[in-house]
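Please look through the notes below with the model open beside you.

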Amino acid sequence: DAQNEYIKRLSRFCKLKVIEVEEQNFLSNPGQIIEREGEEILEKQKGSTFVFDIHGSELTSQEFAKLVSSQSLTSSTITFVVGGSYGVSEKVKQSATKLVSFGKITLPHNLARIVALEQIYRAFNIISGTNYHK
């Protein structure tokens, strides 16, 4: 429900498409899972890419909005990546325009997706000068 709400809210600012890669939970080796999911992510990503990763830069909402704004000037498409249960592959991280962190906490990837959507929505509100951010 939360995802659908943020997708609806974001529709006034951008065209948003949520694309999921298939979880590779039939594989027993976490390294293989990360690599296989990473291959699918790399096939689907377009434009500037922000990967949410615990080792990324911790940004304020204003800094994140500035980053989104600057990238939207250079690319009409921005891909945001939330990894699966084991994270994302090094190839995905290396392909990223920027690694962004929600802090040192660990979030289930479904909750991380909601946090990402909320921050993307907040960023567009900051960019457009609405009162949502306050």
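1. The lining of the largest pocket holds 16 nonpolar, ten polar and nine charged residues. Here Ala, Val, Leu, Ile, Met, Phe, Trp, Tyr, Cys and Pro count as nonpolar, Asp, Glu, Lys and Arg as charged, and the others, Gly among them, as polar. The model is a predicted one, in which local features need pLDDT of at least 70 and side-chain atom pairs count only at pLDDT 80 or more, while totals for chains, interfaces and linings use all residues. Residues are numbered from 1 along each chain as its sequence is written, and side-chain values use heavy atoms, with hydrogens and water left out.

2. The space in the largest pocket comes to about 1100 Å³. A pocket is an open set of points on a 1 Å grid over the protein atoms alone, where a 1.4 Å probe fits, with protein on both sides within 12 Å along at least five of seven lines; lining residues have an atom within 4 Å of a point. Grid points are joined across faces, edges and corners, and the volume is the space filled by probe spheres set on the points. There are 35 lining residues, and Lys17, Val18, Ile19, Thr79 and Phe80 are the closest to the centre of the largest pocket.

3. Which element gives the most to the lining of the largest pocket? Helix 5 does, with seven residues. Helix 2 (30-44), helix 3 and strand 2 (78-82) are also among the elements that supply at least two residues each. Helices (H or I, at least four residues) and strands (E, at least two) are DSSP runs, numbered from the N terminus.

4. The second largest pocket has about 420 Å³ of space. Its lining has 22 residues, with Phe52, Asp53, Ile54, Gly87 and Leu107 nearest the centre. Strand 1 gives the most to this lining, with four residues. By class, the lining of the second largest pocket has eleven nonpolar, nine polar and two charged residues.

5. Helix 3 (residues 61-74) and helix 5 (residues 109-128) have axes that come within 8 Å and cross at roughly 80°. Helix 3 is therefore roughly perpendicular to helix 5, a term for angles of 65 to 115 degrees. Axes are lines fitted to C-alpha atoms, for helices over the stretch in contact, and angles run from 0 to 180 degrees between N-to-C directions. The contact (heavy atoms within 4.5 Å) includes Phe64 and Val68 in helix 3, and Ile120 and Phe124 in helix 5.

6. The axes of helix 1 (residues 2-10) and helix 5 come within 10 Å and cross at roughly 20°. Helix 1 is therefore roughly parallel to helix 5, as angles under 35 degrees count as roughly parallel.

Methods: Angles under 35 degrees count as roughly parallel, over 145 as roughly antiparallel, 65 to 115 as roughly perpendicular and the rest as oblique.
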